[in-house]
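Here are some notes to go with your first look at this protein. Take them in order, with the structure open beside you.

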Amino acid sequence: IGVEPDLEAVLNLNPDLIIGQPWVFGETAAQLRQIAPVVMLDYWTDETYTATQWETHLRRVADAAGRAAEAEVQLA
């Protein structure tokens, strides 16, 4: 069971991007998307975090932040 974020507190932060895990955001994900773009990263799908999973997550976050090219340079 996750702890859903305080929507008013998030709104007051005026975020450009919201990153979180599905089990934490739960039912608030749709509401969070009204505040800012949301990237959901599920770290523990198989109770493991694979060597390539972090690269996938980095690419997703970088893409959402408009910094995909910069991420590829760092990954190289």
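1. A definition to begin with: two residues are in contact when heavy atoms of theirs lie within 4.5 Å. Counting contacts between residues at least 6 apart in sequence, 15% of them join residues at least 24 apart. Keep in mind that this is a predicted model.

2. The protein has five helices and two strands, and going along the sequence they come in the pattern α-β-α-α-β-α-α. Of the 76 residues, 24% are buried.

3. Which residues make up the largest nonpolar core? There are eight: Val10, Ile18, Phe25, Ala29, Leu32, Ala36, Val38 and Met40. Helix α3 (29-33) and strand β2 (38-40) each give at least two residues to this core. As background, nonpolar side chains in soluble globular proteins tend to be buried together.

4. Setting aside its neighbours within four places in sequence, Val38 is in contact with Ile18, Phe25, Leu32 and Arg33.

5. Is Arg33 buried, exposed or partly exposed? Its relative accessibility is 48%, so Arg33 counts as partly exposed; the exposed class begins over 50%. Residues up to four places away in sequence aside, Arg33 touches Val38 and Met40. Arg33 and Ile18 are 15 residues apart along the chain, and their C-alpha atoms are separated by 8.3 Å.

6. Have a look at the loop between α2 (22-25) and α3, where you will find Thr28. With a relative accessible area of 5%, Thr28 is buried, because anything under 20% falls in that class. Apart from its neighbours within four places in sequence, Thr28 is in contact with Glu4, Pro5 and Leu7.

7. Another loop, the one between α1 (7-13) and β1 (18-20), holds Asn14. Most residues other than glycine have a negative phi. Asn14 has a relative accessibility of 62%, so Asn14 counts as exposed.

8. Next, the pair of helices α4 (residues 53-64) and α5 (residues 68-75). Their axes come within 8 Å and cross at roughly 150 degrees. That angle makes α4 roughly antiparallel to α5, because angles over 145 degrees count that way. The crossing is right-handed.

9. Who makes the contact between these two helices? On the α4 side we have Trp54, Glu55, Leu58, Arg59, Ala62 and Asp63, and on the α5 side Ala68, Ala71, Glu72 and Leu75. Sorted by class, the contact of α4 with α5 has six nonpolar and four charged residues, with no polar ones.

10. Last, zoom in on Leu58 in helix α4. Which residues is Leu58 in contact with, leaving aside its neighbours within four places in sequence? They are Ala71 and Leu75. Leu58 and Ala68 are ten residues apart in sequence, and 8.9 Å separates them in space, C-alpha to C-alpha. At 32% relative accessibility, Leu58 counts as partly exposed.

Definitions and conventions
Residues are numbered from 1 along each chain as its sequence is written. This is a predicted model: local features need pLDDT of at least 70, side-chain atom pairs count only at pLDDT 80 or more; totals for chains, interfaces and linings use all residues. Side-chain values use heavy atoms; hydrogens and water are left out. A nonpolar core is a set of buried Ala, Val, Leu, Ile, Met, Phe, Trp, Tyr and Cys residues joined through side-chain atoms within 4.5 Å. Buried means under 20% relative accessible area, exposed over 50%, partly exposed in between (1.4 Å probe, protein chains only). Helices (H or I, at least four residues) and strands (E, at least two) are DSSP runs, numbered from the N terminus. Axes are lines fitted to C-alpha atoms, for helices over the stretch in contact, and angles run from 0 to 180 degrees between N-to-C directions. Angles under 35 degrees count as roughly parallel, over 145 as roughly antiparallel, 65 to 115 as roughly perpendicular and the rest as oblique. A crossing is left-handed if the near helix is turned anticlockwise from the far one by less than a right angle, and right-handed if clockwise. Ala, Val, Leu, Ile, Met, Phe, Trp, Tyr, Cys and Pro count as nonpolar, Asp, Glu, Lys and Arg as charged, and the others, Gly among them, as polar.
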